[in-house]
Amino acid sequence: MDTLKHVINVLSAPQVSFLAAAIAFFFVFPPTDRFQSWNRRLRLDWLWTVKGGILLHALVIGAFFLSTLDPNFRAIVTKPDNVPIALLLFGTLFFLWLSMKQACDNDARLANDQKPNEYTDPSESKILVWPDLVYIELIAGILCMAALIFWSIALEAPLEEPANPTLSPNPAKAPWYFLGLQEMLVYFDPWLAGVVFPVIIIVGLMSLPYIDTEPGGSGYYSYSDRKLYVSLFMFGWLLLWVYLIIVGAFMRGPNWNFFGPYERWDLHKVVALTNINLSSLIWVKLLNQPLPDNIIIREMFGIAMLGFHFLVIPPLLAMTILKKFYARMGNVKYAVFMFLSMAAVSLPIKMFLRWTINLKYVVAIPGWFNL
Amino acid sequence: MAEEEKKDFWARFFGSYIWKSIFRVGIPRDRRGRLMQVLSNFFLHLHPVSLPKHAVKLKYTWCMGGLSFFLFIVLTFTGVLLMFYYRPTIEYAYNDVIDLRETTPMGIMREIHRWAAHLMVIAVWFHMFRVFMTGSYKAPREFNWCIGVVLLTFTLLLSFTGYLLPWDQLAIWAITVGSNMAAATPFVGQEGPGVALLSIGNVNLIGRTSDARFLLLGDTSIGAGALLRFYVFHCVFFPLIAVFFMVVHFWRVRKDGGISGPV
Amino acid sequence: MADSKQDQADKLKAAGAGKAHGHVAKGHVASGDGQTRRSFISWVVVGWAAFAACMGGLATITMRFFAPNVLYEPQQTFRAGAVSEYAPGEVSTRWKSKFGIWIVRLDDRVVALSTICTHLGCTPNWLASEQKFKCPCHGSAFRMNGINFEGPAPRPLERHKIYLDDEGIMVVDKTVSFRQERGQWDEPESFVAV
Ligand code: HEM
Ligand code: FES
């Protein structure tokens, strides 16, 4: 048992778990036809059947409750402020399954030239709002209120020591819904993580309907016809938001160190994390030279990498595998789409470099631009 | 005899001048009456009178948008109740929050408010996820999706400003970090990139007492000013804006053709 | 009164019309009351510009309202005791909770280090066993002298003005700060030599 726990602790280190999740992700939520044929060959779509759903939930819920036998795990998940996160996780799993199941059913129907499940023949009479919908709303409200009152009696709302401006709690966490952003703050400058990223998220979400103007796929669950967009959205929502909330809530302990789910939160855990910039990595370690004085020359490798990432890859894709897509999208939409996707992809890359080689900044121009 | 009289009483009650002036249509017994019920009631006229079958199914909408709104109402109600006890000053805030548990009957009003706030955030997210998965952001509902994103932002802002009010350790450190990000905003924050450009000679235009963070907190660190400001934002300013956008949101749902569905 | 204003306006209109006439003959289309399209447009521009300026002014005043003119900050200077009260190589947390200052005795000097993390303002903890300040919020760490080396902090901790008063007692003045990245750590007011 202890060895198993130890193995899980090691595997849950972000460099392992994130990489595994990110690779598995594209097979479970295929963005292209190629991935989808793999998905079919591996029978991963079985997850979105009733049986698959039962297994999925049983596994996750079972693992969760088994884990609560472990005192370290229990100590963390039962903190009152972490209860909503558990709720969020099980809810996410359930609704993910529910939507994917309906999407798969509809995909099969559409492939057979049938209408989606949601379709009602116009000749059928409509449902009256009074009484049908109004009662559903009433019952939903009552259930919700009952649950809330029960929850409020069972669990006191958290309240810590009175505010003390000279002593930060250890660890000091943001409200759980911002833990993803707090995690970003570890890897990026505050003005990027705190100002630019939220703006990109908000603007990116708002621009979605103006980028994805493909006809069809509106008003019913579906996957196959919209796989690129659904896959990308899920990537942002599951891996960059929910995953980071889990990490932030359950695996960031004292001094903001990583802790496995069954590891004790040791105040004195020593982790050497001496950061290094890409410039010193290349100039000093690889080329054995002193850092050049000219900032642009010093940072040229990082700038070249950024340029390649944002300015070279998108046109390359447009000329090769995304040729048809590019033709359909036109310049502006394609550019916005690519900027958002490449930005979303760049986050995990930077995080990964920090976890593995302690890279601090790819480009470091102090006071201006640290990335 | 008594039976008769009772029936007679209710018949007279529902038929009375006063009752009829309030509820224009009688008890709905047929299809037409039910349609009229929705049409003639202010609170119900948010809805259309009838809907396609799939739109009332739980597995389509998950009821998440409705729950978000319901939770907002619960939050407004409990929030106003909390305001009767809570005073937004450094001396009182923390103790008032304790008193809400210790000295008010039942002592769970704050709990309801706080857990409902968490639930609302979750409900809004799932609502967005549902809308995405059903492709309901596509034409003609593009703009309503944008309004939804604004509503999500304001839900988070409401929750975040509320987080400071108990004035405990969780509160001030979350807000310290959050508000220092404002100080890192390009050009308008004193720590952000570009401030060096905004100077006349040696004097910086944007400094400790003139940057975005200072405007937000009314002080150079989290203190009495910040608590009062967040209180006003939380209890008046943001809820009003949120209500405004919700009204537009609901109106657009109707005008964009009701709940989405396949054609 | 009203008449004279009307006169002026007419004159202006006439002037505008004249200009318009010179350049674009086609633009000179008299509208009902003898006004030209060109002059009408320029009045619209002036009107809207004035309106925008007023709104901008209002917005500025509103924004400015949020920045109070007087601050009630806690005491910013304090006496930190004699140099001899601090052992060589010691990081003293004596004034941390009251004034937000660590007194650090380095090899050749005593400095007053700010307890505000340069990342986003949390208060790091001094971990004596590891000889570093570690911030609990996002994991930045600083060496004893205040230089950052782990995590996201963009620059070293700030040092505050410290000097000996007439009685040989160190006084810390938090209103003046010295930043390493601006090369201010060698300024005489930033330390007390030992
Ligand atoms: C008009 C609506 C609202 C009013 C009048 C209101 C009022 C208040 C008051 C007076 C407090 C302080 C008492 C306390 O800290 O326990 C508070 C706390 C709080 N509110 Fe609200 N609120 C409203 C809506 C919301 C909404 C929509 C949300 C989030 C979605 C929210 C989230 C919170 C949170 C997270 C706290 C901290 C609760 C705690 O720690 O106890 N509030 N609110
Ligand atoms: S505030 Fe210290 S690391 Fe972020």
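**Pairs, bonds and contacts**

Mentor: Gladly! In chain C, strand 7 (residues 141-142) and strand 8 pair in the antiparallel sense over 2 bridges. This is a predicted model, in which local features need pLDDT of at least 70 and side-chain atom pairs count only at pLDDT 80 or more, while totals for chains, interfaces and linings use all residues. Residues are numbered from 1 along each chain as its sequence is written, chains are lettered from A and ligands numbered from 1 in the order in which they are written, and side-chain values use heavy atoms, leaving out hydrogens and water.

Trainee: What makes strand 7 and strand 8 of chain C a pair?

Mentor: Two strands pair if DSSP finds at least two bridges between them. Here there are 2 bridges, so strand 7 and strand 8 of chain C qualify. The strands themselves are DSSP runs (E, at least two residues), and helices are runs of H or I with at least four residues, all numbered from the N terminus.

Trainee: How do strand 9 and strand 10 of chain C run relative to each other, parallel or antiparallel?

Mentor: Strand 9 and strand 10 (residues 170-178) of chain C run antiparallel, joined by 6 bridges. Lys161(C) stands opposite Asp173(C) in strand 10. Their hairpin has 5 residues between the strands, and Gly168(C) takes a positive phi near 80 degrees there. Strand 9 (residues 159-164) also pairs with strand 4, antiparallel, over 2 bridges.

Trainee: Now chains A and B. What makes Arg101(B) and Glu156(A) a salt bridge?

Mentor: A salt bridge needs a side-chain nitrogen of Lys or Arg within 4 Å of a carboxyl oxygen of Asp or Glu. The closest N and O atoms of Arg101(B) and Glu156(A) are 3.2 Å apart, so this pair passes. Across the interface of chain A and chain B the rule finds 4 salt bridges.

Trainee: How many residues of each chain are in contact across chain A and chain B?

Mentor: With contact meaning heavy atoms within 4.5 Å, 89 residues of chain A are in contact with 85 residues of chain B. The area buried between the two chains is about 8200 Å², 74% of it from carbon and sulfur atoms. Buried area is the accessible area (1.4 Å probe) that two parts lose on being put together, summed over both.

Trainee: Which three residues supply more of the area that chain A buries against chain B than any other three?

Mentor: Those are Trp130(A), Leu159(A) and Tyr177(A), which supply 8% of that area.
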